[in-house]
Amino acid sequence: MSFDELDGWRKTHYTKDVTSKLHDEEVILGGWVRNFRDLGGLKFISLQDKYGERQITLKKGVVSDELFEKAKLGYQYCVMVKGKVKDFEAAPGGVEIVPSEIKILNRTPEKLPIDMTGETISELDLRLNNRALDLRSLRNQAIFEIRGQVLKSVRNFLLDRDFTEITTPKIIGSATEGGTELFPIMYFDREAFLVQSAQLYKEQLSGVYERVFEISPAFRAEKSHTKRHICEIFTLDVELSFVDMYDVLKVLEELVQNVIINIRENNMTALKTLNMEDKTIVPELPLPRYKYDEILELLESKFNISTEWGEDISTDAYRKLGESLTGYYYITHWPMLIKPFYIQPSKDKRYSESFDLQMGWLELTSGGTRVHNRVQLENAIESKGLNASSFESHLIAYDFGMPPHAGFGLGIARWITFLCGLDDIREAVMYPRTPERLTP
Ligand code: AMO
């Protein structure tokens, strides 16, 4: 099987840039054959690159016989095309390309493991097994374009507001989140762990840079088999000093609103591909705030679901809640019993200065005001059954003038799942890690 070489060929444009403004100009495009049709004297190739697709039209007699003959392509062949742009309203981008040369850089097996034409969506595990191919689908292009926009907008929003981007260790010596299982690893000849969240480091750094954020992976060794849990998560962690949780609620809701405005302004085609143009809408601020106790009452009165005070809200209860509260809203003042040691108790010590940001039934974020007094923090660690001495390297930061601070952690994949209307969080991650999945 022969392949063409790249030689001196370089792309002149991405598909998105090939519009009727380039009528009659020569371009070189490169990408993959998403679809092709052979109508005898006429062949159409849908060439796809990272931004979208354009139609290549070969008409017998218009292109050379040699080229017409060569254009026997298969799905997802890697090709480059040199040709002239012609106005053609009915085709993607309002143009077609009439080729003078085509390079076939790589071929594919006759039968691909998953459907790439967009006509059907193959089963998710099969798609994940063939992720490098699957990610090229127009649907996945749309999902990850939106993810890109979320990350860009979050960064811009925070950098514009005096936040410093931090990077903190992912290999640690002891737990950061009590209660969550850790992945142990070998660190030379001793045991270490993959970090569960940037929590303790972002707190320390809020005592240095005042307003900090990090977008980074964290590792959760929970054997959860749900459509909203993965083992390698990617979170936005934000921490601010000289504030309490009420300031953070404002920052977070403005951030959420700002990101969605940006998506609607810049990614409408992607939203349309996902049928989300009427669903991913800009929320009005301030977002509704409900106390934990109010949520328990609502669940009882509306759905006859009783939750023992101090218990977490069950998945079934959340599902019901989502029928009633369909947009973004906060649940605040959770029982201290079910919150981590670093959260500040409320005046009534049974409650905590904590919150979750919900989207319908889905938890996107948790956060709160933190303890900033060393002795109080030591006691809180011990009261959760943990050993304060193993937190010494963190606790010393509290000897050096730790300011009052508050913050939140937001699960990026959960948010993308919702923004893109996906059924399963694994769809929102390029290479998801679950208890069963360690490849690709
Ligand atoms: P928490 O443990 O609630 O809080 O995590 C923050 C957010 O991360 C997402 N998340 C997950 N997403 C997918 N799969 C998982 N297994 C998973 N676990 C968590 C959720 C969740 O809301 N340090 C605190 C945050 C803080 O107080 O600043 C923390 O990690 O969207």
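**Strand pairing and helix packing in a predicted model**

Me: In this predicted model, in which sense do β12 and strand β13 pair, and over how many bridges?
Reply: Strand β13 covers residues 328–332. One of the residue pairs here is Arg 289, whose bridge partner in β13 is Tyr 330. The sense of the β12 and β13 pairing is parallel, and the number of bridges is three.

Me: Which are the edge strands of the open sheet formed by eight strands?
Reply: The order of the open sheet is β6-β10-β11-β16-β15-β14-β13-β12, with mixed pairing. An edge strand here pairs on one side only. The edge strands are β6 (164–165) and β12 (289–291).

Me: What angle does the direction of helix α8 make with that of β12?
Reply: Helix α8 spans residues 292–303 and packs on the sheet. The strands that helix α8 touches are β12 and β13. Its direction and that of β12 make an angle of about 85 degrees.

Me: At what angle does helix α12 run to β16?
Reply: Helix α12, residues 412–419, lies across β11 (232–241), β13, β14 (354–359), β15 (362–369) and β16 (405–411). Relative to β16, helix α12 runs at about 55 degrees.

Me: Which residue in β5 stands opposite Asp 87?
Reply: Strand β5, residues 95–106, runs parallel to strand β3 (residues 52–59), and two bridges join them; Gln 55 stands opposite Glu 96 in β5. With strand β4 (residues 78–87), β5 pairs in the antiparallel sense over ten bridges. The β5 residue opposite Asp 87 is Val 95.

Note on methods: Residues are numbered from 1 along each chain as its sequence is written. This is a predicted model: local features need pLDDT of at least 70, side-chain atom pairs count only at pLDDT 80 or more; totals for chains, interfaces and linings use all residues. Side-chain values use heavy atoms; hydrogens and water are left out. Two strands pair if DSSP finds at least two bridges between them. Helices (H or I, at least four residues) and strands (E, at least two) are DSSP runs, numbered from the N terminus. Contact means heavy atoms within 4.5 Å. Axes are lines fitted to C-alpha atoms, for helices over the stretch in contact, and angles run from 0 to 180 degrees between N-to-C directions.
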